[in-house]
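Thanks for coming, everyone. I would like to walk through one model today, taking its pockets, a helix pair and its cavity in turn.

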Amino acid sequence: MKKYVVCDIGGSSIKYGLLDEEHHFYDKGKIDTPKSLGELYQALASIYQHYEDVSGVAISMPGAIDPERGYTYTSGALGYYNNTEFVKELSAYIPVPITIGNDAKCAANAEVGYGALKDVDDAYVIVLGTGIGGCLVMNHKVVPGKHFASGEVSNLLTDYHDPKDVKNLWAMRCGIQGLLEHVQEALGEEAQLSGVEIFDRANNGDEKVIEGIDAFAREVAIQIININTIVDLERVAIGGGISVQPLLLELIQKNYDDIYHYYQQYAFPCAKVELVTCQFNNDANLIGALYQHLTSK
């Protein structure tokens with residue numbers, strides 16, 4: 001069976017693995033993310049050279065990416081591969097077929113190909129992390145968008161009264177910092193808690209912390225209703241590190257149901273959407289990059 005090197009370029013590290021066509025892992029590793037484009041090419045080449053009989057290289061990375069051309073328009077927080085013929089230049093280092101894709105869209109591709117969305121046509125993926133990643137799926141395919149930014153919900157505005165305050169972007173309201181701020185408000189104190197600590201306290205019955213998570217979940221539910229009102233989905237898959245916490249989906253579902261049922265008395269035309277957690281979390285970008293590679297031929 002053919003094997004592929006798959007890489008997920010993040011802000012601080014590059015995760016990589018050797019996978020076969022059925023997305024089975026033979027090896028995994030991680031290195032620090034380089035600080036320049038030349039060093040990045042060399043690092044990716046070094047990962048490729050670590051293995052033998054590789055049929056292709058699939059890469060997940062931040063930014064606005066044209067996967068068909070292999071071109072990077074932006075580079076997210078990394079900042080050093082804007083407007084770059086990335087695949088063409090990397091091919092000078094790696095002599096096998098290479099594909100690249102936006103990281104959130106790769107995460108969605110994992111669910112479309114092998115996970116929570118493999119049996120639906122129209123769906124949405126929301127990734128709750130440092131910020132919020134988003135991806136629209138229509139007709140069982142990830143939608144790139146005219147400018148390769150379709151589904152990027154991080155920049156949704158949440159405050160009509162102060163739209164120019166970056167703190168009111170949905171990425172800030174419902175990223176990990178937003179979760180902490182909701183919990184701090186419920187506690188009435190500036191406790192510095194990690195996501196793990198927040199859910200440890202909640203799962204041990206801390207009612208104030210649960211109240212904060214509930215407020216956070218309500219904002220997530222509101223935006224899911226807004227998104228679904230526009231595109232009429234079958235399913236929304238929620239991913240990211242905190243999505244593995246059953247309490248989070250429970251509270252998002254509770255708030256979604258509460259708001260949705262309220263508007264039914266006004267003959268709200270939007271159909272109810274199914275909420276699920278993503279099947280692939282830490283490996284989603286790697287598996288999705290592979291799926292994109294295999295289906296791009």
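How does the lining of the second largest pocket divide by class into nonpolar, polar and charged residues? Before I answer, please keep in mind that this is a predicted model. The lining of that second largest pocket has 10 nonpolar, 9 polar and 5 charged residues, and the pocket itself has a volume of about 610 Å³. It is lined by 24 residues, and those nearest its centre are Pro 67, Glu 68, Val 142, Gln 292 and Ser 296. If you look at where the lining comes from, strands β5 (65-66), β7 (98-102) and β10 (141-142), together with α3 and α9, each supply at least two residues, while β7 gives the most, with 5 residues.

Let me turn to the largest pocket, whose volume is about 1,300 Å³. Its lining is made up of 41 residues, and Asp 103, Val 127, Gly 129, Thr 130 and Asn 285 are the ones that lie nearest the centre. By class, this lining of the largest pocket divides into 16 nonpolar, 20 polar and 5 charged residues. At least two lining residues come from each of β1 (3-9), β2 (13-20), α3, β8 (123-128), β9 (132-138) and α9, and the largest share, 4 residues, is supplied by α3.

In general, two packed helices are described by the angle between their axes and the distance between the axes. For helix α3 (residues 103-114) and helix α9 (residues 284-295), the axes come within 7 Å and cross at roughly 75°, which means that α3 is roughly perpendicular to α9. On the α3 side the contact is made by Asp 103, Cys 106, Ala 107, Asn 109, Ala 110, Val 112, Gly 113 and Tyr 114, and on the α9 side by Ala 284, Asn 285, Ile 287, Gly 288, Ala 289, Tyr 291, Gln 292 and Leu 294. Taken by class, that contact has 10 nonpolar, 5 polar and 1 charged residues.

One of those α9 residues, Ile 287, also gives us a reference point for Thr 72: the two are 215 residues apart in sequence and 20 Å apart in space, C-alpha to C-alpha. Thr 72 lies in strand β6 (residues 71-72) and is buried, since its relative accessible area is 0%, against a cut-off for buried of under 20%. Setting aside neighbours within four places in sequence, Thr 72 is in contact with Met 61, Ala 64, Ile 65, Tyr 81, Asn 82, Asn 83, Thr 84, Phe 86 and Ile 100.

The structure holds 1 cavity of 30 Å³ or more, and about 30 Å³ of space lies in the largest cavity. Which residues line the largest cavity? They are Ile 238, Ser 243, Gln 245, Leu 248, Leu 249, Ile 252 and Thr 277, dividing into 4 nonpolar, 3 polar and no charged residues. Helix α8 (residues 246-264) gives the most to this lining, with 3 residues. Ser 243, for its part, sits in the loop between β11 (235-239) and α8, and it is buried, with a relative accessible area of 5%. Not counting residues up to four places away in sequence, Ser 243 touches Ile 238, Leu 248, Thr 277 and Asn 281.

Methods
Residues numbered from 1 in each chain as written. Predicted model: local features only at pLDDT ≥ 70, side-chain atom pairs only at ≥ 80, totals over all residues. Heavy atoms only, no water. 1 Å grid on protein atoms, 1.4 Å probe; cavity = no way out; pocket = protein on both sides within 12 Å on 5 of 7 lines; lining within 4 Å. Points joined across faces, edges and corners; volume = space filled by probe spheres on them. Nonpolar A, V, L, I, M, F, W, Y, C, P; charged D, E, K, R; others polar. Axes fitted to C-alpha atoms, helices over the stretch in contact; angles between N-to-C directions. Parallel < 35°, antiparallel > 145°, perpendicular 65-115°, else oblique. Contact = heavy atoms within 4.5 Å. Buried < 20%, exposed > 50% of the residue type's maximum accessible area, 1.4 Å probe, protein only.
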